[in-house]
Amino acid sequence: GMLEVVEETVKGYTSLEMAKKNAAKVENALVQQIEDLTTAYELANQAAGDSTLSLDEQSAAALKAMGIKEKLAALEIERAKNNLALVATEMNLNKAAGKSNESLYSAHTAALSELKAAQREYTLAVKENATQRREINRDAAERELDFLIDLFDKQKTINEQIINSDETTYE
């Protein structure tokens with residue numbers, strides 16, 4: 001009867017309050033991680049562009065920044081999933097209580113859109129990083145090659161000097 005309906009409504013309300021509390025806790029934890037990682041990313045990115053550092057140090061910093069960028073994008077996906085889960089929970093509770101979900105349609109669409117955008121950002125970050133890693137490796141290989149060519153040229157010069165000095169000795 002009426003009492004069961006009231007009890008169900010109260011139960012639904014408490015589970016919604018619990019869901020909101022849990023979602024807020026998760027959001028808080030994620031935002032803190034994102035803030036800390038954003039600082040680390042900015043520092044690594046700054047070091048990557050610091051010409052007073054060696055090229056190896058700059059490359060290491062760039063690689064660190066790339067890794068952090070991917071982690072940040074992954075955390076944004078977690079945030080979006082958390083928001084979407086909360087809206088979905090509220091919709092499920094409404095449905096169970098026989099209430100309309102019309103008021104939540106736009107929130108659901110927004111949360112879904114947020115998730116898709118976060119997933120896209122992650123995919124782009126991974127792809128961009130792969131390109132940058134290849135560039136860093138190529139640059140390192142070119143530096144290695146330049147170094148070997150310099151060594152070869154120096155050795156050639158030394159060999160020519162030895163040959164020339166030998167010729168003067170045997171004349």
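## Glu70 in helix H2

Glu70 sits in helix H2, which covers residues 55-96. The model is predicted. With a relative accessibility of 17%, Glu70 counts as buried, because the cut-off for that class is under 20%.

Leaving aside residues up to four places away in sequence, Glu70 is in contact with Tyr122, Ala125, Val126, Asn129 and Arg133. With one of these, Arg133, Glu70 also forms a side-chain salt bridge, at an N to O distance of 3.6 Å. This pair connects distant parts of the chain, as Glu70 belongs to helix H2 and Arg133 to helix H3, 63 residues apart. Arg133 is partly exposed, at 30% relative accessible area.

## Salt bridges of Arg79

The salt bridge count for the model is 7. In one of them, the side chains of Arg79 and Glu27 meet at 2.6 Å, N to O. The relative accessible area of Arg79 is 23%, which makes Arg79 partly exposed.

Arg79 also forms a salt bridge with Glu76, where the closest N and O atoms are 3.6 Å apart. These two residues are 3 apart in helix H2, a separation of about one helical turn. Glu76 is partly exposed, with 32% relative accessible area. Through shared partners, salt bridges join Glu27, Glu76 and Arg79 into one network.

Key: Residues are numbered from 1 along each chain as its sequence is written. This is a predicted model: local features need pLDDT of at least 70, side-chain atom pairs count only at pLDDT 80 or more; totals for chains, interfaces and linings use all residues. Side-chain values use heavy atoms; hydrogens and water are left out. Helices (H or I, at least four residues) and strands (E, at least two) are DSSP runs, numbered from the N terminus. Buried means under 20% relative accessible area, exposed over 50%, partly exposed in between (1.4 Å probe, protein chains only). Contact means heavy atoms within 4.5 Å. A salt bridge is a side-chain nitrogen of Lys or Arg within 4 Å of a carboxyl oxygen of Asp or Glu.
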